[in-house]
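Here are a few exercises to work through with the viewer open. Try each one yourself before reading its solution.

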Amino acid sequence: MMKHSYSPGGRVAVWLYGIAIGLALFSGFGQMPLYNRYYLTSVPGLGWSGNFIALSELHYFAAALMLGLLAWRLALDVRDTDTAWSWGPRSWWGWSLLAVIALTGAAKALRNAGIFLPPVWLMILDFAHLGSAMAFMFSGLVSLFRPRPNPYLRGKLA
C-alpha cells in the first residue's frame, strides 16, 4: 500500500489541494503591495504578480478549487467515517480555520461586488481573513514535519 493510497482521490487530490493552497497563499499575499515593494515583479516571468486584478482572479479560482475539493471530501466523509485522509485538515483546528477563511473571504467578495460595509467591519474582516490564513499556513507547515501515523497500524493500537 502506498502512502496516499487510502485517500479516495489519490495523488491527484493531494496535488490539487496543494496547488489550491499554494495559489491562494501566493495570490492572497500578492494582493497586498508586497511583490512590488520587494521587487518580486522584477524577476523575469513574474511581472504579472504586480497586477492586482490578475491576482484577485487567481485568488478566486484557488478558493473555488479548494472549496470544491473540501466539499467533495466532506460529502465522502459523511458516507464513510472511517476514512483516513492524506490531504486537507485533520483536526477541528484546521476545519475551524478554513471555516473562518471561507466566511471572511465570502464577505470580502461581497464587498468587492459592491455591497457596502462600514470601514470598521472591513478592517475586522481583513485582519480575521489574514490572521486565519497565516495560522492555517503555519499549522500546515508544522504538520508537514510532524511524523505521520503508519497506515498499516491504524486501528490496531489501543
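Helices here are DSSP runs of H or I with at least four residues, and strands are runs of E with at least two. Keep in mind that this is a predicted model.

**Exercise 1.** Work out how many helices and strands the protein has.

*Solution.* Start by counting the runs: there are 5 helices and 0 strands. Next, read along the sequence, and you get the pattern α-α-α-α-α. Then look at the contacts with a separation of 6 or more: 65% of them join residues 24 or more positions apart.

**Exercise 2.** Find which elements give two or more residues to the largest nonpolar core.

*Solution.* First, collect the members: this core has 13 residues, and Y17, I21, M66, L70, W87, L98 and F136 touch the most other members. Now sort by element: α1 (10-30), α3 (52-79), α4 (92-112) and α5 (119-145) each give two or more. The top contributor is α1, with 4 residues. To zoom in, pick M66: skipping neighbours within four places in sequence, M66 contacts Y17, A20, I21 and L98.

**Exercise 3.** Decide whether S132 is buried or exposed, and say why.

*Solution.* The cut-off for buried is under 20% relative accessible area. S132 has 6% relative accessibility, so it counts as buried. Now check what surrounds S132: beyond residues up to four places away in sequence, it touches L97, V100 and I101.

Notes. Residues numbered from 1 in each chain as written. Predicted model: local features only at pLDDT ≥ 70, side-chain atom pairs only at ≥ 80, totals over all residues. Heavy atoms only, no water. Contact = heavy atoms within 4.5 Å. Core = buried A, V, L, I, M, F, W, Y, C linked by side-chain atoms within 4.5 Å. Buried < 20%, exposed > 50% of the residue type's maximum accessible area, 1.4 Å probe, protein only.
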